[in-house]
Amino acid sequence: MPRRNRETKLIFAVLAVFFVAFLAVPMIQVLMKSVMTDSGAGMTLANYVEVLTGKDFLKALGNSFVISTCSAVLTTILAFILAYTVHYTNTGKGYKGLITKAAVIPMLIPTITYGFAIIYTFGKQGLLTRLVGTQFFDIYGFNGLLIGYVIYTLPISFMLIHNTMGYIDKKFMIVSRLMGDSPFQTFKITILRPLLGTLATSFIQTFFLCFTDFGIPASVGGSYEVVASVLYTEMLGSVPDFGNGAVVALVMLVPSIVSITVLTILERYNVRYNKISQIELKKSPARDWIFSIVSGGILVSVLSVFVVIFVVPFVDEWPYRMNFTTEHLGEVFSDYTLSSVYTNSLLVALVTALVGTLMSYGAALVTARSTVNAKLKGVIESIALVTNTIPGMVIGLAYLFCFSGTSLQNTFAILIICNTVHFFSTPYLMMKNSLSKMNASWETTAMLMGDNWAKTIVRVVTPNAMATLIEVFSYYFVNAMVTVSAVIFLAGTRTMVITTKIKELQYFNKYNEIFILSLLILFTNVIAKFVFQKLANRSQRKENLVDMKKIRKMGLKRVAAFSLAAVTGISALGLTGCGGGASAEDQVIIYSNADDEAVEAMKNTLDENGYEGQYVFQTFGTSELGGKLLAEGTNIEADMVTMSTFYVDSAQEQNEMFKDLEFDVDTIDEFPSYCAPITAQEGTIIVNTEVLEENGLPMPASLKDLANPEYEGFISVTDIASSSTAWLLIQGLISEYGEDGAKEVLTGIYKNAGDHIEDSGSTPLEKVRAGEVALGFGLRQQAVADKADGLPIDYVDPAEGTFSLTESVAVVDKGDESKDKAMEMAQCIIENGREELQSYYPLALYNGEETDAENKSANPKVFSEPLTVDLLEQHQALSEECK
């Protein structure tokens, strides 16, 4: 027995070191960051004061509580109906089986996809809207969030209630009827009362999931800001604030702490039966038909939202060119950067599942199959409780603080560790429950037969736990495939997974690619669930035929197979954990905020000049990349960046992170020695002529016209807090009307835009294209291209003038680790790529270039002050006052 304790104590020590390093220390970092001054020289409560007294944060916090409460109540009711249909009606077994399978399908799709599916289903040009001819409700803000959250949390709520209903003793229904109770009293006493604890747990769990989710608000949140969006903006917004972000993260833990307390109290009210009796349910065709129809309606309503995912990618140009095509599918699978993220996701999910299963199994062995001190067991129980209640975004943020600048930054290893910690609780409890039910004398019997504790676990316990181990492996795999919140801050260029790629594609409104990648995740998870379930069922049948001698003979083979899988997974991690081997290490990483056309032009230039395969492009939204430049400095993963010039200037001033260019730059205007312009972009009013005509709206002539009441609900603009495109609009207003006049006009524009104040500069054009709105403010050259392409798109150069922003290339100074090829590639783009770049962005930047008449705006202007991040912050503050 002492040897047994030594082995379990060793397992405990490994677990303790792991969770201290990857849970306790990172969370302490978050706490410390929340009370540190900007310079890091001292401690202060200023961050708490700034966040907690800010009206925007308190409003977002209130919104989160309201929408999460409403979603949790509705989800629990719907899940109860589904579970009741399965357990308390005489509906056919096949239909009940269909309900149990269909109810969990949304778990197999990332939440960030839900919002896009809602837009393309219920939007003004959505699939359902086009089928019935009218839009039922506005999908942005509260309505869209409610739909998305209910779909997201319904599987979890259903599984909780469904599982508990299976353990309710139905014989008490007969007793209640014999005592003369009314049907409602019988329902209340024999079903509702035993379920109260589970229903409360369902409410708390679904509330918590809604409160901390980031994916759904990112797509349909509109102007209904929630606390998860605030955290993302603070950390990866245009001007990141790590101190404030840490405060927001800690505030997000408050519901977690409350939920722990409430769940502990509710545990004492759980009803337990000594024996579960199965009875023949009372015949009631009306009840059966009603619940069958309602349950079917719930599932059809939920799953129909995802039908559009199977439609849009196979349409030429939704909603204008509706002919069938497989071109989008071919483009995705021929694009190495998109297909590689799928491979990355599989790797991360498989290794996470392997590592997570081993960790959960080891922890459960300590608590369920050992005689170590109760305090040590309590430590593991506490770890499980804590990991169950820390939001994924908070863990990701903690890792960002703790491991930036270390060898773990931007590696697969950090993603796998994060997922392992984030999802630890449920697999641990699954393993603990399984091991606790096994014969407690097996270890003693095996020791009498000459086996030590480790051999007993390998040869006896593990084969009998194989079904649960497979279920745990499946749980980790599926969740690692769909999670976005836990890894959004951590994925690098070479380690990007599908869900973080979808977040990137959102900035550029590439919905075809988003839906195809989502289908890849869905099909992968469906196949994985099917295979894992078959393996689990097979193992379960074998567990019922336990023979000690046979198990001892079979044990070594099973261990060998399992060890081989572990070695294979860990080897794959070692080969790819930092980016994919030696050749990949030599590649130049290019970070860019450029649109598709500019990125393709730069890629073509590099490929045609001998650099094919020697670089990797990673695109970001302007604010996200700007935040990374300011926050990470020379620790940034990129070797070269193409970015809005004012951000490059500010990053250089703050971090001194760029090299002087080693080639001559012959620009019309003067630029600093460390950057050279690649494009210039102008803003303009974009018009959907069909929508404008259908609604009898006049053509605007100025930015001021956009504030007119007749345009309410028909305008989409970008938010300067997250997109520099909005700055073009605000510059025009301030230049023409002064700050006070600009506030008045901008307030009217924001009122008219409502939920269509966007995070991405491309979104207004996308919504104008899709007919969601009639007017938008976006990039001029994109509107010119759409008009030339035959779409019902026009543009108006505003009377206040057309302002422009340049984007420049710069090479990161990493000292001895700098790559010479980065400078060569920057020179190649400037000297050889301007012709193709100018075909998309036709403004002249270099001596000898000309802007053609079609692309020359009517009234070009330059803002009176130099564009800097400090000026951007001033205009952001002005913008916030107008909302």
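User: What are the ground rules for the model?
Analyst: It is predicted, so local features need pLDDT of at least 70 and side-chain atom pairs count only at pLDDT 80 or more, while totals for chains, interfaces and linings use all residues. Residues are numbered from 1 along each chain as its sequence is written, and side-chain values use heavy atoms, with hydrogens and water left out.

User: How many aromatic pairs does a search of the whole structure find?
Analyst: The search finds 31. Rings of Phe, Tyr and Trp (its six-membered ring) pair if their centres lie within 6.5 Å; planes under 30 degrees apart are stacked, over 60 edge-to-face, and the rest tilted.

User: Why is the pair of Tyr120 and Phe515 called edge-to-face?
Analyst: The ring centres of Tyr120 and Phe515 are 5.5 Å apart, with 85° between the planes. Pairing needs centres within 6.5 Å and edge-to-face needs over 60 degrees, so the label holds.

User: What makes that pair a tie between parts apart in sequence?
Analyst: Tyr120 is in helix 5 (residues 111-122) and Phe515 in helix 25 (residues 511-543), so the pair joins parts 395 residues apart in sequence. Helices here are DSSP runs (H or I, at least four residues), strands likewise (E, at least two), numbered from the N terminus.

User: Are Tyr120 and Phe515 buried or exposed?
Analyst: Buried means under 20% relative accessible area, exposed over 50%, partly exposed in between (1.4 Å probe, protein chains only). Tyr120 has 8%, so it is buried. Phe515 has 0%, so it is buried too.

User: Which class does the pair of Phe142 and Tyr224 fall in?
Analyst: Edge-to-face: 5.9 Å centre to centre, 80° between the planes. Phe142 lies in helix 7 (residues 142-165) and Tyr224 in the loop between helix 10 (215-220) and helix 11 (227-236), so parts 82 residues apart in sequence are tied together.

User: Why is Phe142 called partly exposed?
Analyst: Its relative accessibility is 28%, so Phe142 counts as partly exposed. Tyr224, at 17%, counts as buried.

User: What makes Lys767 a charge over the face of Tyr140?
Analyst: A charge sits over a ring if NZ of Lys or CZ of Arg is within 6 Å of the ring centre and within 35 degrees of the ring normal. Lys767 lies over the face of Tyr140 at 3.8 Å from the ring centre. Lys33 lies over the face of Phe401, at 5.3 Å.

User: How do you know that the span of helix 28 agrees with expectation?
Analyst: The expected span is 1.5 Å times one less than the number of residues. Helix 28 (residues 596-608) has 13 residues and should span 18 Å; its end C-alpha atoms are 18 Å apart, so the two agree.

User: Which residues of helix 28 are buried, and what covers them?
Analyst: The buried ones are Ala598, Val599, Ala601, Met602, Lys603, Thr605 and Leu606. Their cover includes strand 3 (588-592), strand 4 (615-619) and helix 35 (820-832).

User: What is Val308 in contact with, leaving aside neighbours within four places in sequence?
Analyst: Contact means heavy atoms within 4.5 Å. Val308 is in contact with Ala117, Tyr120, Thr121, Leu127 and Pro313. Val308 and Leu127 are 181 residues apart in sequence but 6.7 Å apart in space, C-alpha to C-alpha. With a relative accessible area of 0%, Val308 is buried.
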